[in-house]
Amino acid sequence: MTDTTLSYEDLTALIAGIFRKAGMGASQAAAMAGVIAAGERDGAKSHGIYRIEGCLRTIKAGKAAADAVPVQAEDDGTAIVRVNAGGGFAPPAFALAAPVLAVRARKLGLAAMVVNDCTHFSALWHEAETMASFGLATMVMCPSYATVAPAGGTKPLLGTNPFAFAWPRIGKHPYVFDFATSVAARGEIELHRRAGKPLPEGWALDAEGRPTTDPEAALAGSMLPFGDHKGSAISTMIELLAGIMLGDLTSQGALDRLGGTTTLLPGHGELVLAFSPERFAAGRPGDPTARAEQLFEAILGQGARLPGQRRALARAKATSKGITLSETEMAQLARLGDLGLEAV
Ligand code: NDP
Ligand code: PYC
């Protein structure tokens with residue numbers, strides 16, 4: 001098997017071509033491709049190229065609109081910046097409203113982006129890092145589809161509901177954490193299934209509510225929240241804030257909208273909260289940027305690593321040496337590019 005090594009830009013162009021073939025406009029395809037290529041570049045494979053097929057299947061099933069153009073709601077000058085993805089994917093909607101959110105958060109100290117009617121398939125660190133690049137501390141969250149049992153329960157109800165946070169750092173990769181509120185992302189279960197590997201214990205229950213390490217049984221049963229009642233409560237908070245509060249679907253609603261299948265990607269809303277550390281700290285002693293660096297140094301000083309550090313290293317390596325894909329992966333990209341929606 002011969003591997004192929006590509007630059008981030010070349011991989012982005014290759015993926016954008018696939019989405020163009022599937023009916024997307026140039027800017028939408030570029031936003032989608034950038035996020036997926038970034039997953040490969042940063043060693044975040046659960047949200048890399050393997051997600052493309054799911055996106056195409058969701059378009060083909062009529063559950064996401066390839067030709068949707070996101071629309072920003074009329075600006076009412078408040079802290080809420082609203083963008084409707086029009087039934088399309090989240091990355092083009094986020095790309096449209098991110099600069100507006102940055103200006104609003106700097107002006108008011110705190111502002112929120114509400115994305116409605118989007119299909120969200122990607123890792124959230126992309127959104128968090130983008131806002132940190134504007135010098136803003138950021139929280140991002142969205143529901144998913146009902147695949148996770150609440151702590152103490154045995155049936156899927158909550159989503160894998162990702163939650164990300166970024167703190168901007170001058171001249172350094174921001175402090176970013178980003179995780180599913182389930183023990184693992186569903187993408188990880190699918191990657192274990194494809195590799196024929198058992199799951200670690202404690203990740204999932206089978207359809208009868210018994211603990212399982214079989215990925216097939218886990219996909220048919222329910223995943224578990226991380227940290228028992230703690231992850232379960234954070235996941236529920238995400239259903240409330242980024243589902244119900246936004247007048248959009250919960251994870252159960254997103255699953256129902258798909259007719260109960262998780263082979264397609266879920267449609268719902270997304271919430272991005274951006275904070276200006278300078279505005280919050282104004283008039284108080286100490287510079288928040290310098291104080292944050294002292295905290296990071298203290299963490300590192302104990303031999304611990306910062307979240308986001310592994311991705312930053314993977315990115316640095318991919319930027320200098322390229323992104324390596326297997327022959328099978330390259331063949332699949334070629335097939336998707338040739339056949340478009342016919343491939344799925
Ligand atoms: P991981 O468990 O892989 O990583 C969680 C976070 O913890 C990362 O920020 C990671 O940083 C950090 N981390 C890991 N190990 C350490 C360590 N030893 N010390 C310090 N920090 C550490 O994430 P998940 O599998 O839970 O989620 C993977 C992705 O799936 C996320 O990007 C999430 O957004 C996405 N997702 C998307 C969904 C959607 O609906 N769109 C649903 C669910 C998940 P680093 O990256 O540097 O290793
Ligand atoms: O990995 O859990 C996941 C996921 C669901 C939707 C997008 N990613």
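1. Before anything else, a residue counts as near a molecule when one of its heavy atoms lies within 4 Å of it. Of the 22 residues around ligand 1, the nearest are H47, S122, D178, A180 and R310.

2. A bit of housekeeping: this is a predicted model, local features need pLDDT of at least 70, side-chain atom pairs count only at pLDDT 80 or more, and totals for chains, interfaces and linings use all residues. Residues are numbered from 1 along each chain as its sequence is written, chains are lettered from A and ligands numbered from 1 in the order in which they are written, and side-chain values use heavy atoms, with hydrogens and water left out.

3. Back to ligand 1 and its polar contacts (pairs of N or O atoms within 3.5 Å; within protein, one must be able to donate a hydrogen and the other to accept it, and residues adjacent in sequence count only if both atoms are side-chain atoms). A polar side-chain atom of D178 is 2.4 Å from an oxygen atom of ligand 1. Polar backbone atoms of A180 and L124 also come in, with an oxygen atom of ligand 1 at 2.9 Å from the one in A180 and an oxygen atom of ligand 1 at 3.0 Å from the one in L124. On its own, ligand 1 exposes 930 Å², and the protein buries 74% of that; accessible areas use the Shrake-Rupley method with a 1.4 Å probe, and for residues only the protein chains shown count as cover.

4. Who builds the shell around ligand 1? β7 (175–179) and α12 (309–321) each give at least two residues, and β7 has the largest share, with four. Here helices (H or I, at least four residues) and strands (E, at least two) are DSSP runs, numbered from the N terminus. By class, that shell has 11 nonpolar, seven polar and four charged residues, where Ala, Val, Leu, Ile, Met, Phe, Trp, Tyr, Cys and Pro count as nonpolar, Asp, Glu, Lys and Arg as charged, and the others, Gly among them, as polar.

5. Now ligand 2, which has H47, R51, F121, S144, T160, A185, R186 and G187 around it. The side chain of H47 puts an N or O atom 3.0 Å from a nitrogen atom of ligand 2, while the side chain of R51 has an N or O atom 2.9 Å from an oxygen atom of the ligand. A polar backbone atom of R186 is 2.8 Å from an oxygen atom of ligand 2. Taken alone, ligand 2 exposes 240 Å², of which the protein buries 93%. Its shell splits into two nonpolar, four polar and two charged residues.

6. On to the sheets, where strands pair if DSSP finds at least two bridges between them. The open seven-stranded sheet runs β2-β3-β4-β11-β5-β6-β7 with mixed pairing, and its edge strands, β2 (71–72) and β7, each pair on one side only. Strands β4 (residues 110–119) and β11 (residues 267–275) run antiparallel, joined by eight bridges, with L110 opposite F275 in β11.
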